[in-house]
Amino acid sequence: MANPAPLYSPVTQPVEHLAERVARGELRLDQARALAAAPGITARLDLGYTQSVAQLIHHLTKIGRGEPALVVADVLLAAVQSLPDDAAGSKLRAPGELAYIESVQSALREKPDWRNYRAAGAVGARLLRRAHRLGDAQLARWAHNILGELHFQPLVAPYAGGGSWPAAIGAWYRRGGEISGKARPFPPPAVAFANALRHFRRAARGAPDEDRCWALKGQVQALEWLQRVRGTSHAEEIAALAAEALPLIDPREDLAGISYLMNLRQQAGHPIDAEVFKRALAVPVQELIDRSGPAATVTAHLNLAHLIEPLDARLALALIERAAPAVEQAQDANVLARHCNALIGTLVATLSTDAIDNGAGTLAAARGLRARAEAEQWSVPRVVGALLALVRDCPARNEEIEGLKLLETAQQVFPDPFNAYPAAMNFWRMTLWSGEGVNNANAGKLREAMASYANALRLAVPLGLREFALQQLKYLVDIGLRDEGALLLEFVGVLFDLGLKLEIALGAEGAEQLQMLATHLTERQVATGEINTNVLHFTWQVAKARRFSAALRVGAARALPGDETSATLLAQIAALRTEVPLAEEGTGPGSRIDRTRRLLAFARDGIPAAGATALERMTNLQARFDARLERRLAAQSDVRESELFGLEDLRARLPERTALLQIFLGEYAGKSAVHSLLAARKGTWAAVTPEDRPLLVEFREAERSERAYAYEEDVYLTRSALLDESLTEAQLGEFLHAAGGAFLHGNVGAALDELKKTGCDHLLVVPHGPFHFAPLQLFARGKRLLADEWNVTVLPSIELLRPRADDGADKPARAGVAAFGLGFAGPENVYGLGALPEAVDEARRVAKAFGAEARVDAQATESAVLAALAQARYLHLATHGAMNLDAPSFQYVVVAPAAGGDGLLFAHELLGADLRGVQLVSLSACETALGRIDRADNPRGLPAALLLAGVETIVGTLWEVAGDVARAFFVALYRALAAGGARGASFRAAQLEVRRRFPHPRDWGAFYLLGGWD
């Protein structure tokens, strides 16, 4: 494989280029240092270039990428230290040495390596000696400042995350000892802060205003922390230093520093400096956001508001309001929560400062308040302010429900603040509902607790409070685990109402919680022996393919808007594709886990780490695009209320000769279990088959892991047995009988036998997990295969059984068949793929059945296929294709290359097309009729994309079949369709024809029907 194209030029950016090669694993760090110190690179150094690299290092440290910054700084340090140690060399050396110390102090926060700390200290000592020898006072001040930060910042970083500083710093020192071996450790906190103070004091001596303000602020911080660790008081010295520093700080650069220093002075009993305050407010908010970031801007404003509130609550409220644009741009739940809490507290202070005695309870206090307000003729805002003050105290009294009632009263009386601050008020309601849930759960009032947590979730999700919402969901799950069945139907209804929003908002963690709950609810129903099949059916709708079902129902794929970020990702992927052989694309970088086992596992939710090769980088970009596409589809799906699809309604929609079998993989009596539910016009039947093994398994390879249901072993062995030519017919029959035992025996098996006697011969199966990729029609009951008696149709979602929301809209007029075939024997075979000699003949025969002409080889371009999808009733593709295991939306079929095209038609390229009215797409290509299933059983890949775009039926293969078998099947299928047969009946006719000619199950049993059948 060709080496990845460098991100940096080895000529004009040699330091960055070497650092990148280290990151990609092409060089060890010591090798990169040696190369950087060689004359070929040091000769290219000048002041402008070294300063630009130092700026890059500074930027990386600011955005929290300490380790990459340290690699760049290490290489730059090796280069500049090879320069002469004179005045001219010092100007070039200084930026690199200062940047190195800065990168070490940043990296120490996450990875406390005392060896790096000692190395940085040595660099700083040499820098100071040279500065004094050369009489460079400014360089000495810069060195003292950065050395002060080296001793100070790594110790205070844990405090920014909240929690216990002693515990966090103790863990930091222990980790440093593990990493650093015998290296002399970082000094104890008291010594480190004293060292920082010493450096900051020296940096301040004789410094110009711009440098002195940072040194003064450093002294304040070091003294404040010395107070904490030594228990001494430096309040007056801190206040004096803060007073000296405040006029020197530019509020555009450090508004947070101003609020910090003003707060320290206020704590020491000094008044707020009005001039400094005015200067802080004079800077436009957007400029502060651009310079410091939205989160820091919000923090600074809240701190200033906290300072001014005792003097002027209305000004404090105005400051909090002023930060609103920064809150919106931050897109951070913690920032939003802090802003809402501050706004609520300050709003109450602006409306009323009346003290209300609530010793007798909130509602009694509210009645007393009303009497007092009437007697003293309070204004409406004053009354509401006092009410809100009561609400604020409710959590401390476990009276959240009373607080919610008072909030509603306050809104009715005086809606202005509620209209002005809807997010803050909903945040307040949310926290009250959550507290009320806790109260009810502790009191054993499970129905009320369930409703309270659900209300909190409904408010949390639109606010983007992901962690809070996840916690509420866990509380809700706990209620479900405690309930003994009385609330079952209500509980399932709540989950269905919230499920889609929670999957969108909480991602994999939310899906995991919902799956766990559905598993428990299913087990609980079965364990009682009194199964409510309708509730069981509803429960599985919550857990299986909810996002896919919602997208299918509302036509989300066709309404998907353009997305600039996605377009950028696609451009980057296309640029890398020239460096990755097609055979490697979608395989997963370096994975040695069996490909079929990975196919049967869950589609991965996480994004891989940064890659070292072109394949890894492309895989990462594809995974990012795929994850983004799923989020966009989900958001587009959540545009209208959906409803549960009742079992009675479903049964009424089933034809007389059709039965529906739903499968759910769960647990029973501490064991994994296959739960099955059979429905037909004549009734419903449920069964459970326990297995003594865990429900979920994990495959590991180094840092990579794949998760799956343990039943993937059954499917894997069945598929392997079918493709193993050494097995006898009897041995293969044993495998197929064992596979069918999961859900074709017991009550369900007996019911199937009875239904067959009444004339039923069509079985719809809604699989779960790996069974989506199982040859269900080959599973055996006794010595009879399912296909011996039933025509089997697979449905990835129960939603396919009811009309879509946009079915009444005008559909494109369609007619005839479009058949495409590529033999890969000519110039169109740009990827060097194996020849498919039967594919061209297959396409021609399919087209001939309808009196049409096939488009083959060079004619079978992407634009031709897409144009046919816009017009044809049926479409057939005979070509190569492949699954992408890491990013299912990049599953593809190979087409003929044309101007502006890459010869690959990806699943994601079908989304946005209006394929309603396309009755059948048949895929005679490897892996293209498969896909992936995620933890929530949402199908992903090419078949899913076709269904979401509007295609009604897909026919494909579960594994690679011989060319003559594929040709025989698809020609028979289309001849039956041309003769007027329904899709299901035509599929059955083709299956029987191929079975007669090619009797081994691996041949005729590979084909399956997905979706509509009539």
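Strand β14 (residues 892–894) and β15 pair in the antiparallel sense, joined by three bridges. One link to look for in this predicted model is valine 894, whose bridge partner in β15 is leucine 904. The two strands belong to an open sheet of three, ordered β13-β14-β15 with antiparallel pairing. β13 (881–882) and β15 (904–906) are the edge strands, each pairing on one side only.

## Helix α10

Let's check the length of helix α10 (residues 189–204). Its 16 residues, at 1.5 Å a residue, should span 22 Å, and the end C-alpha atoms are 22 Å apart, so the two agree.

The buried residues of this helix are Pro189, Ala192, Phe193, Asn195, Ala196, Leu197, His199, Phe200, Ala203 and Ala204. As a reminder, an α-helix has 3.6 residues a turn, so residues three or four places apart point the same way. After α10 comes glycine 206, with a positive phi near 65°.

The largest nonpolar core has 168 residues, and Leu388, Trp428 and Leu476 touch the most other members. Helix α27 (residues 488–528) gives the most to this core, with 12 residues. There is also a second, separate core of 152 residues, with Ile573, Ala614, Val921 and Trp959 among them.

Leucine 476 is worth a click in your viewer. Leaving aside neighbours within four places in sequence, leucine 476 contacts Met450, Tyr453, Ala454, Leu457, Phe491, Val494, Leu495 and Leu498.

## Aromatic pairs

The structure holds 27 aromatic pairs. In one of them, the rings of phenylalanine 743 and phenylalanine 779 have centres 5.9 Å apart and planes at 40°, so the pair is tilted. Phenylalanine 743 sits in the loop between α35 (729–740) and α36 (746–757), and phenylalanine 779 in the loop between β6 (762–766) and β7 (780–781), so the pair ties together parts 36 residues apart in sequence. Both of these phenylalanines are buried.

Tyrosine 874 and tyrosine 974 make an edge-to-face pair, 6.2 Å centre to centre with 75° between the planes. Because tyrosine 874 lies in strand β12 (residues 874–878) and tyrosine 974 in helix α41 (residues 963–978), this pair ties together parts 100 residues apart in sequence. Tyrosine 874 is buried at a relative accessible area of 4%, and tyrosine 974 is buried at 0%. Elsewhere, ring pairs link Trp114, Tyr117, Trp172, Tyr173 and Phe186 into a cluster.

## A buried arginine

Arginine 558 is found in the loop between α29 (546–554) and α30 (564–577). This arginine is buried, with a relative accessible area of 16%. A polar atom of the arginine 558 side chain lies 3.3 Å from the backbone oxygen of leucine 948.

Note on methods: Residues are numbered from 1 along each chain as its sequence is written. This is a predicted model: local features need pLDDT of at least 70, side-chain atom pairs count only at pLDDT 80 or more; totals for chains, interfaces and linings use all residues. Side-chain values use heavy atoms; hydrogens and water are left out. Two strands pair if DSSP finds at least two bridges between them. Helices (H or I, at least four residues) and strands (E, at least two) are DSSP runs, numbered from the N terminus. The expected span of a helix is 1.5 Å times one less than its number of residues. Buried means under 20% relative accessible area, exposed over 50%, partly exposed in between (1.4 Å probe, protein chains only). A polar contact is a pair of N or O atoms within 3.5 Å; within protein, one must be able to donate a hydrogen and the other to accept it, and residues adjacent in sequence count only if both atoms are side-chain atoms. A nonpolar core is a set of buried Ala, Val, Leu, Ile, Met, Phe, Trp, Tyr and Cys residues joined through side-chain atoms within 4.5 Å. Contact means heavy atoms within 4.5 Å. Rings of Phe, Tyr and Trp (its six-membered ring) pair if their centres lie within 6.5 Å; planes under 30 degrees apart count as stacked, over 60 as edge-to-face and the rest as tilted.
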